[in-house]
Amino acid sequence: MTYDELYAAIQSYTENQFPETYLADGTAVSTKTQIDTFIKQAEQRIYNTVQFPSLRKNVTGITTTNNKYLSLPSDFLAVYSLAVITDVTGGDVNTGTYEYLLNKDVNFIRQAYPSPNDTAVPKYYALFGPTTTSDATPVITDELSAILGPTPDAAYYVELHYYYYPESIVDAADGRTWLGDNFDSVLLYGSLVEAYTFMKGETDMVTLYNTKYNEALALAKRLGDGMERQDAYRSGQYRQPVG
């Protein structure tokens, strides 16, 4: 399902063209803005319920010698894994050895390595908090940073495997996303739930679409949290009991 198809379906199912409205300050809210909000709210609910592989991203970076903090990507939401890559030859990380760090609390790292001069190859990491700029008067940004323990004694390559929100179907240049192409039912019904909530729709209709959404969500979880995390060799093929 493309964005245009989803947009038209929301209007058709709700039998509402969502005419332009105005906020209390007189700001106009167009039909497109309203429907785009429904879609993005639905995507956020889905992406926080089902861990599809499309929600994962890998990046590599480099630690700073004698600096125990590591800035995280701007679209970072949560960690899947963080590894230090040692013995890299010629800047090619594929030649190095991966050493995966263990996730700990900030207080563990502070207690285990109380001095910034406790340097070595990092073994642990924790989400520290917002990154601050290096200005004379530091500014707290919206981006997060990690704290490493012990403090890196050299500039090491690191690979971060992390969870992020993929591009919304609303913003996609071709109007297509993995979710729209592969599981449009959960996206459609999730958007309809948001639309009917906005419309203050009749209780039976809200209940109907919420039920349809939960049914589609259950199938999506079966795929994202089940089928995509196993194979027939290790798990065996699914067998329906015969009475």
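Guide: Let us begin with helix axes. Axes are lines fitted to C-alpha atoms, for helices over the stretch in contact, and angles run from 0 to 180 degrees between N-to-C directions. This is a predicted model. In it, the axes of helix H2 (residues 31-47) and helix H5 (residues 184-199) come within 8 Å.

Visitor: At what angle do the axes of H2 and H5 cross?

Guide: They cross at roughly 125 degrees. H2 and H5 are therefore oblique to each other, and their crossing is right-handed.

Visitor: Which residues in H2 and H5 meet?

Guide: Among them are Phe38, Ile39, Ala42 and Ile46 in H2, and Val186, Leu187, Val193 and Phe198 in H5. The residues of this contact divide into nine nonpolar, four polar and three charged.

Visitor: In which sense do E9 and E10 pair, and over how many bridges?

Guide: E9 and E10 pair in the antiparallel sense, over seven bridges; Tyr124 stands opposite Gly149 in E10. E4 and strand E10 (residues 140-149) are also paired in the antiparallel sense, over three bridges, with Leu70 opposite Ala146 in E10.

Visitor: In which sense do E7 and E9 pair?

Guide: E7 and strand E9 (residues 124-132) pair in the parallel sense over two bridges, and Leu102 stands opposite Tyr124 in E9.

Note on methods:
Residues numbered from 1 in each chain as written. Predicted model: local features only at pLDDT ≥ 70, side-chain atom pairs only at ≥ 80, totals over all residues. Heavy atoms only, no water. Pairing = 2+ DSSP bridges. Helix = DSSP H or I, 4+ residues; strand = E, 2+ residues; numbered from the N terminus. Parallel < 35°, antiparallel > 145°, perpendicular 65-115°, else oblique. Left-handed = near helix turned anticlockwise from the far one by under 90°. Contact = heavy atoms within 4.5 Å. Nonpolar A, V, L, I, M, F, W, Y, C, P; charged D, E, K, R; others polar.
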